[in-house]
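Take a look at the sequence and the model below.

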Amino acid sequence: MTQACHYEEELKMNSKTNFQPLQIVCLEHLTACLYAEVIQVVESRQVCWVRPLLLIQHSTGDQSVIDLRSTIDLLWSLASFRPALDTEILPFLANIFTSAPPLQSSAHARQQLNSFVQQLWQSQKNESQHNKLSSVDQS
């Protein structure tokens, strides 16, 4: 395991519930990464209130960066997030914070965020059902 991977794994283990307001976190699903700013952590419910910043979608040899600052806040399971590393997010943040949110594409940004959240929710729902079936089979 490389030092960077070891550091990332350590961050995941130690920082799940230690998120602070204004910290940038990442929510990953398949080839997409949602980067968001922590607004509040609700420990009692194990959820995180975040303000989406960017959605980065990777495809073969290409990536699209969608500015999500004009979209809505999310409340999502705390366990799903990981801290964003400075080296992965700073190049993108520098670009979006030097420009105003694009007004003409806010509908597109909302649609992309909605699609990402629906896919992630469905994936987590399917995984949860699979885990329940597996535990019943083992009984």
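Over residues 10-16 the pLDDT stays under 50, and the model has 10 contacts beyond four places in sequence for this stretch. The model is a predicted one, and residues 1-8 also have a pLDDT below 50, with 4 contacts beyond near neighbours in sequence. Where pLDDT is low, the predicted coordinates should not be read in detail. Helix α1, residues 3-15, has the lowest mean pLDDT among the elements, 47, while strand β6, residues 82-83, has the highest, 96. Averaged over the protein chain, the pLDDT is 81, and 76% of the residues score at least 70.

How many helices and strands does the protein chain have? There are 3 helices and 6 strands. Their order along the sequence is α-β-β-β-β-β-β-α-α. Counting contacts between residues at least 6 apart in sequence, 60% join residues at least 24 apart.

Of the 139 residues in the protein chain, 35% count as buried. The chain exposes about 8800 Å², and carbon and sulfur atoms supply 55% of that area.

In soluble globular proteins, nonpolar side chains tend to be buried together. The largest nonpolar core here has 22 residues, and those touching the most other members are Phe19, Leu34, Cys48, Val50, Phe81 and Phe116. At least two residues of this core come from each of β1 (24-29), β2 (32-42), β3 (47-59), β5 (74-77) and α3 (106-138). Leaving aside residues up to four places away in sequence, Leu34 touches Val25, Cys26, Leu27, Pro52, Leu54, Leu55, Leu68, Leu74, Leu113 and Phe116. Another core, of 12 residues, lies apart from the largest one; Tyr35, Leu53, Leu54 and Leu93 are among its members.

Two backbone angles remain to be described. Most residues other than glycine have a negative phi. Leu22 is not a glycine, yet its phi is positive, about 80°. This residue lies in the loop between α1 and β1. Is Leu22 buried or exposed? Its relative accessible area is 63%, so Leu22 counts as exposed, the cut-off being over 50%.

Gln46 also has a positive phi, near 55°, and is a residue other than glycine. Its place is the loop between β2 and β3. With a relative accessible area of 38%, Gln46 is partly exposed, because that value falls between the 20% limit for buried and the 50% limit for exposed.

Definitions and conventions:
Residues are numbered from 1 along each chain as its sequence is written. Side-chain values use heavy atoms; hydrogens and water are left out. Helices (H or I, at least four residues) and strands (E, at least two) are DSSP runs, numbered from the N terminus. Buried means under 20% relative accessible area, exposed over 50%, partly exposed in between (1.4 Å probe, protein chains only). Contact means heavy atoms within 4.5 Å. Accessible areas come from the Shrake-Rupley method with a 1.4 Å probe; for residues, only the protein chains shown count as cover. A nonpolar core is a set of buried Ala, Val, Leu, Ile, Met, Phe, Trp, Tyr and Cys residues joined through side-chain atoms within 4.5 Å. pLDDT is the predictor's confidence in each residue, from 0 to 100.
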